[in-house]
Amino acid sequence: MARTDAVVLGAGIVGTSVALHLARRGMSVALVDRGSVGEQTSYGNAGIIEGNTIFPPAFPSGVDSLVRIALKRASEANYHLSFLPRVLPWLLAFRQASRPARLVETARLIRPLFSRAVAEHETLMAEAGAKHYLRKTGWLKVYRGEKSFAALAPEFDLAAKFGLPLQALDPAGAHALEPSLHPVFAHAVFWPEAASVSNPLGVTRAYAARFAALGGVVLSGDARSLHRTGSRWRVETDEGALDAAECVVALGPWSSDLLATLGLRLPLAVKRGYHRHFRAQGNASLARPVLDAEAGYLVTPMEQGIRITTGAEFAARDAAPSPAQFDWIMPRARELFPIGERADEKTWLGSRPCLPDSRPVIGRAPGHPGLWLAVGHAHWGLTLGPATGRMLAEMMTDVPPFCDPAPYRAERFS
Ligand SMILES: Cc1cc2nc3c(=O)[nH]c(=O)nc-3n(C[C@H](O)[C@H](O)[C@H](O)COP(=O)(O)OP(=O)(O)OC[C@H]3O[C@@H](n4cnc5c(N)ncnc54)[C@H](O)[C@@H]3O)c2cc1C
């Protein structure tokens, strides 16, 4: 029987960052995954470290948006009809949390954690030799219509209150930043304090390698074997059973599979999303991610090519892929940027693990001594992985956390 101080279940960007932070504090740690490090949700995201996040994505407020989504004519959201009854309670809670006053409250609650997002990555990247993945070039959002741009006023107000810089640009201003963009939009907003990475998988692997260099071990095993034995937690791995006083659940969209067996219920749903890689035509290039706001997709320069990622799809996590959103997105993406040939054959599908109030759960699992949760990072798992890792490691080692953990307590769903 092997023993360790802590076992972290799930080697996505969140679990790997937690494991690395624990190892940096001198704990003996095992990171357990049934697959390879960083190859699930954390592989295929848009690569943005969204330290500038103010409002989370909200339930559509306009009838026109709802009708477009219902008629499956919206590029920003799709759904499987058969799945709607199952996800309805979650959608109602999400709609409730999307009321304007609640969004402002959420923005205030999450700011301290998000404000550390880029700096916490930089610390880990410097140690892990991963700085070459980091681009501190901000991100650009383009708006084709006046209405969508005018709707940003509350966000601009809060940005000013939070001291977050932004630049509202006309097409010429955007063109100066990104000369390959075609001026099919009326307005753009540049958020200089966001950063991005050219290879999210490379970043997670580099953090895992640093974890191993500090004495951490990465093991293969099924997290669903976790059970209590005396005062410790035990998980079965390919190397045999492993006991630990502390256990962290960081299983992303699979977290509920384990938590349900322990009698822990979180309102965790998934917003599925897809990506495809393309070559750029000629010498066209991008220096940063670009969001085509009304069309609901992102274009990000990656090592593999230009990565186009989709918005949300409400469907069962394990349902077959249905990348219909690309039919809508591609004509708009080709209008915006000179997209060339496909750079890969496969369409990637991932599932954002989402709680209805758009805040992750980071902290103790209620009623389970020694069990900790780092789940539900939704649109911001890459962004918040290292900040989450630091906060949780501080809590687990009885150091006052760098930011108030109260907004992230699981008990808010009790
Ligand atoms: C299209 C798209 C675009 C996105 N863009 C961004 C972005 O630009 N910026 C950003 O910050 N975020 C973005 N996200 C969100 C981000 O990717 C996720 O929040 C993040 O990857 C979640 O990380 P995680 O570590 O919680 O989960 P995962 O990366 O899914 O890791 C969970 C791990 O648990 C393991 N696991 C599951 N079940 C078991 C089991 N039974 N036993 C053992 N191991 C198990 C899996 O193998 C996996 O390695 C995007 C997501 C999508 C889908």
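Modeller: R205 has a relative accessibility of 42%, so R205 counts as partly exposed. Please keep in mind throughout that this is a predicted model.

Colleague: Which side chain does R205 meet in a salt bridge?

Modeller: Side chains of opposite charge can pair when their charged atoms come close. For R205 the distance from N to O is 2.9 Å, and the side chain on the other end of this salt bridge is that of E39.

Colleague: How many residues apart in sequence are the parts that R205 and E39 tie together?

Modeller: R205 belongs to helix α9, which covers residues 200–213, whereas E39 sits in the loop between β2 (29–33) and β3 (48–49). Because one partner is in that helix and the other in that loop, the pair ties together parts whose separation in sequence is 166 residues.

Colleague: Is E39 buried, partly exposed or exposed?

Modeller: The two limits that matter are under 20% for buried and over 50% for exposed. E39 has a relative accessible area of 36%, and therefore counts as partly exposed.

Colleague: Where in the chain are E122 and K136, whose side chains meet in a salt bridge?

Modeller: The N to O distance in the salt bridge of E122 and K136 is 3.2 Å. The pair links distant parts of the chain, 14 residues apart, with E122 in helix α5 (residues 117–128) and K136 in the loop between β5 (134–135) and β6 (139–143).

Colleague: Is K136 buried or exposed?

Modeller: Exposed requires a relative accessible area over 50%. K136 reaches 53% relative accessibility, so K136 counts as exposed.

Colleague: Which helices does the pair R210 and E127 tie together?

Modeller: The side chains of R210 and E127 meet in a salt bridge at 3.4 Å, N to O. R210 counts as partly exposed at 25% relative accessibility, and E127 is likewise partly exposed at 28%. Since the two residues are 83 apart in sequence, the pair ties together separate parts of the chain, namely helix α9 with R210 and helix α5 with E127.

Colleague: Which residues are linked in a network of salt bridges?

Modeller: The count of salt bridges in the model comes to 21. Some of these residues are joined in a network, and its members are R25, R116, E120, R390 and E394.

Colleague: Turning to the ligand, how much of its area does the protein bury?

Modeller: An oxygen atom of the ligand is 2.6 Å from an N or O atom in the side chain of D33, while a nitrogen atom of the ligand is 3.1 Å from a polar backbone atom of R34. A backbone N or O atom of L382 also lies 3.1 Å from an oxygen atom of the ligand. Taken alone the ligand exposes 1,000 Å², and the share of this that the protein buries is 98%.

Colleague: Which side chain makes a polar contact with the side chain of D243?

Modeller: D243 is found in strand β13 (residues 240–249), and its relative accessible area of 3% makes D243 buried. Leaving aside residues up to four places away in sequence, D243 touches several residues, including M1, T229 and W233. The polar contact, at 2.7 Å, is made with the side chain of R234.

Notes
Residues are numbered from 1 along each chain as its sequence is written. This is a predicted model: local features need pLDDT of at least 70, side-chain atom pairs count only at pLDDT 80 or more; totals for chains, interfaces and linings use all residues. Side-chain values use heavy atoms; hydrogens and water are left out. A polar contact is a pair of N or O atoms within 3.5 Å; within protein, one must be able to donate a hydrogen and the other to accept it, and residues adjacent in sequence count only if both atoms are side-chain atoms. Accessible areas come from the Shrake-Rupley method with a 1.4 Å probe; for residues, only the protein chains shown count as cover. A salt bridge is a side-chain nitrogen of Lys or Arg within 4 Å of a carboxyl oxygen of Asp or Glu. Helices (H or I, at least four residues) and strands (E, at least two) are DSSP runs, numbered from the N terminus. Buried means under 20% relative accessible area, exposed over 50%, partly exposed in between (1.4 Å probe, protein chains only). Contact means heavy atoms within 4.5 Å.
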